[in-house]
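This report covers a metal site, a disulfide, salt bridges and some backbone details. Please keep the sequence and the structure open while reading.

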Amino acid sequence: MKRRSVTRRRALAGLACAGAMATPAMARAAGPALLGYPSSGPAAGRGLGLVPPLSCTPGTRPLTAGPFYTPQTPRRTSLREPGTAGEPLVFEGLVLASDCRPLAGAVIDIWHSDERGRYDNAGFRYRGHQYTDAAGAFMFETIRPVRYSGRTPHIHVKVQGEATRPLTTQVYFPDMAEANARDRIFRDDLVMRLERSGEGWRGRFDFVLEP
Ligand SMILES: [Fe+2]
């Protein structure tokens, strides 16, 4: 029964992709698949007003995907689950080329543990993908993941632009210095900028992709 449910969820995720294909932007061309998702063109403007950095080299450091990646996630902005005890987090940023040019229509797929340090390996809790807007911006509403089995809290990311190689990496939190220092995979150039925002947090990280 559980397997059937998972299959249905995957099928629904596929339908979400099919929905993306039907947008006018998609009608312009059947571009290359990005991370296994159809190329759809830019998402609707997110209005985040994020200013690109002055320098974008070198490209963002790749890191292992680890054992918990699931492909073909739902296309969505909010990963929050009803009734979660997790601390709300808005995770936003830009996807840029190495000359700081925004990459519109890039796919960004994220996954992370829940408020108890567990991954959903049967379904899609705290998993989702979206396309950057014309400014290269992405934004997920989610929660702060917590540490698990020796890992400092992190968000896994796969991101690919229409003319770039895929990048797989992980993004970290600046206020977890002690746990970060004990984590063998952690790299300090992958720490997001983080600030308090209302009842939760707002974190920003810009990804720079190699051609
Ligand atoms: Fe992980």
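Is Asp114 buried or exposed? Asp114 is buried, at a relative accessible area of 0%. Buried means under 20% relative accessible area, exposed over 50%, and partly exposed in between, with a 1.4 Å probe and protein chains only.

## Basis of the model

The model is predicted: local features need pLDDT of at least 70, side-chain atom pairs count only at pLDDT 80 or more, and totals for chains, interfaces and linings use all residues. Residues are numbered from 1 along each chain as its sequence is written, and side-chain values use heavy atoms, with hydrogens and water left out.

## Salt bridges

The structure holds nine salt bridges. The criterion is a side-chain nitrogen of Lys or Arg within 4 Å of a carboxyl oxygen of Asp or Glu. Side chains of opposite charge can pair when their charged atoms come close.

Asp114 takes part in two of the contacts described here. One is with Arg118, at 3.0 Å from N to O. Another is with Arg125, at 3.5 Å from N to O. Salt bridges that share partners join Asp114, Arg118 and Arg125 into one network. Both arginines are partly exposed: Arg118 has a relative accessible area of 38%, and Arg125 has 25%.

Asp189 and Arg61 also form a salt bridge, with N to O at 3.1 Å. This pair links distant parts of the chain, 128 residues apart. Asp189 sits in the loop between α3 (177-182) and β7 (193-197), and Arg61 in the loop between α2 and β1. Helices (H or I, at least four residues) and strands (E, at least two) are DSSP runs, numbered from the N terminus. Asp189 is partly exposed at 39% relative accessibility. Arg61 is partly exposed at 32%.

## Iron site

Four side chains coordinate the iron ion: Tyr119 (OH), Tyr148 (OH), His154 (NE2) and His156 (NE2), at 2.0 to 2.1 Å. Donors are N, O and S atoms within 2.8 Å of the metal (3.2 Å for Na, K and Ca); water is not among the atoms, so sites may look incomplete. Along the chain, the donors follow the spacing Y-x28-Y-x5-H-x1-H.

Why is the arrangement irregular? The four donor atoms subtend angles of 93 to 154° around the iron ion, which makes it so. Four donors count as tetrahedral if all angles lie between 85 and 135 degrees; four count as square planar and six as octahedral if opposite donors are over 155 degrees apart and all others between 65 and 115; anything else is irregular. His154 is buried, at 2%. His156 is buried too, at 1%.

## Disulfide

A search of the whole structure finds one disulfide (a pair of cysteine sulfur atoms within 2.5 Å). The partners are Cys56 and Cys100, with S to S at 2.2 Å. They lie 44 residues apart, Cys56 in the loop between α2 and β1 and Cys100 in the loop between β1 and β2. The torsion about their S-S bond is about 110°, so the disulfide is right-handed. Cys56 is buried at 3% relative accessibility. Cys100 is buried at 12%.

## Backbone details

The peptide bond from Thr57 to Pro58 is cis, with omega near 0°. Pro58 lies in the loop between α2 (24-27) and β1 (88-97).

Leu35 is found in the loop between α2 and β1. Its phi is near 55°, a positive value in a residue other than glycine. Leu35 is buried, at 16%. Tyr126 has a positive phi of about 60°, although it is not a glycine. Tyr126 belongs to the loop between β2 (107-111) and β3 (127-131) and is buried at 1% relative accessibility.
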